[in-house]
Structure formats: C-alpha cells, structure tokens
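The sequence and structure come first.

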Amino acid sequence: MRLPTPDQIDDLHKRYAATPDAYATVRRHCGIVWRIAEGLIATSGADVDADLVRAGCLLHDIGVHRLDEDAEQGELGQGHYIRHGLLGHRLLAAEGWPEGLCRFCSCHTGVGLTRADIETQHLPLPPGDYVARTDEERLVMYADKFHSKSRGGRFHTADGYARLVTRFGPGKDEDFASLRAQFGEPDVAALSAEFGDPVRD
C-alpha cells in the first residue's frame, strides 16, 4: 500500500487546519497516539505493519480540521464531533490516498460504530459499520483511547477508559476488553511524565 511520508502527513495537517493552534493540537495528539501504539507494538509483540500503524496514527484525526467547513455547508459541525472520522476518510480519499489508509479515520471512533449504534443512538452518520477490521486498524483505534485532546491534553488509564466506554452502548466494554487482551496496556504514568499531560483515571 502506498503510504505518505512524514513530511506529506505534516503538510496535510498544515493545509487543512483552520488555525495554527488547531494544527498544533491535532498534530500533537496524533503524534502521542503513535508513541502509544509504538510502545504497545514493542511490549505486546503484535505482528503488525508498523509503517502502516504510524501513518494511521498520524492521520486518524485529520477530519477534525473539516468540522468547521462541515458546519458551514449546513452539515452538523463542532457539536457533532463524531463526524470527524467520516470527514477524515473523505479528505484522504479526495487527496488520492488508498482506502486502506482512509479507513483509519472512519473506523477509530470509540471501539467501533455499527449500523445498529447509528440507528439506535440517532448518530449523525450515514448508515453503515465503521469498525476496525485489521490488527493495524484495531491498534490505532485502541491507542487513541489513551489520550484525549480536550482540556489541553490528558491521558486515560485502561481501567478509566473501561468504565467510560460503558456509556457508548451494550457490549462496548467487551470490545475494549478484547483490545486490551490483544495489545496490553501502555504505561500512562511514563507517558504523562514524557508529554506533561495529566492522567485522568
């Protein structure tokens, strides 16, 4: 699969970010998610394509840059953050990147969004299953759960996210437990010390 270079990824973030602050926030989070995934690969021994995981981590949230434009076009903007994955998928596809890369955007939200989730929760997404299928997609989705961009950035422990995920529908705790068993847990205390973001348990 054709993958973008780190410079190309950085250029995409710069071109689509509405402001320098937006660029810095999203780009920093994506880098931290790659750092988490990189550590999980090392400790779990997961048999994944590390270059693909890195590209997926660094691009998974690029759709955040399109939320304002989404609102301007009469779509559901910042109040409906859940659309950012779909917007990122569309952005990368329009840039000519392969479907296997675009899916990291649309299939990383929560621990996966199913057609049933969209229908029962009345989510502002086209009907479909937005779920990770490959180990690379599963790892990017999982690593993303341990860091949040909100409030200046913060880390989540595995136990903390396990409690949080129950709000997203039945069976989501089991899905997270499966990811946890497959990839292990990052050392969020060490990551907090490295990046300066607090841990929220």
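How are α2 and α11 oriented to each other? The model is predicted, so to speak of local features a pLDDT of at least 70 is needed and side-chain atom pairs count only at pLDDT 80 or more, while totals for chains, interfaces and linings use all residues. Residues are numbered from 1 along each chain as its sequence is written, and side-chain values use heavy atoms, leaving out hydrogens and water.

**Helix pairs**

The axes of α2 and helix α11 (residues 188-195) cross at roughly 140° and come within 12 Å. The two helices are therefore oblique to each other. Angles under 35 degrees count as roughly parallel, over 145 as roughly antiparallel, 65 to 115 as roughly perpendicular and the rest as oblique. Axes are lines fitted to C-alpha atoms, for helices over the stretch in contact, and angles run from 0 to 180 degrees between N-to-C directions. Helices (H or I, at least four residues) and strands (E, at least two) are DSSP runs, numbered from the N terminus.

Arg28, Ile32, Arg35 and Ile36 of α2 make the contact with Leu191, Glu194 and Phe195 of α11 (contact means heavy atoms within 4.5 Å). These residues divide into 4 nonpolar, no polar and 3 charged. Ala, Val, Leu, Ile, Met, Phe, Trp, Tyr, Cys and Pro count as nonpolar, Asp, Glu, Lys and Arg as charged, and the others, Gly among them, as polar.

Helix α1 (residues 6-16) and helix α3 (residues 50-59) have axes that come within 10 Å and cross at roughly 15°. That makes α1 roughly parallel to α3. Ile9, Leu12 and His13 in α1 meet Ala55, Leu58 and Leu59 in α3. By class, this contact has 5 nonpolar residues, 1 polar and no charged.

**Cavity and pocket**

On a 1 Å grid over the protein atoms alone, a cavity is a set of points where a 1.4 Å probe fits but cannot get out; a pocket is an open set with protein on both sides within 12 Å along at least five of seven lines, and lining residues have an atom within 4 Å of a point. Points are joined across faces, edges and corners, and a volume is the space filled by probe spheres set on them.

| Space | Volume | Lining by class |
|---|---|---|
| Largest cavity | About 40 Å³ | 5 nonpolar, 3 polar, no charged |
| Largest pocket | About 790 Å³ | 8 nonpolar, 12 polar, 8 charged |

The whole structure holds 1 cavity of 30 Å³ or more. Among the residues lining the largest cavity are Ile82, Leu86, Ser106 and Tyr130. The largest pocket is lined by 28 residues, of which Tyr81, Thr109, Gly110, Tyr161 and Phe168 lie nearest its centre.
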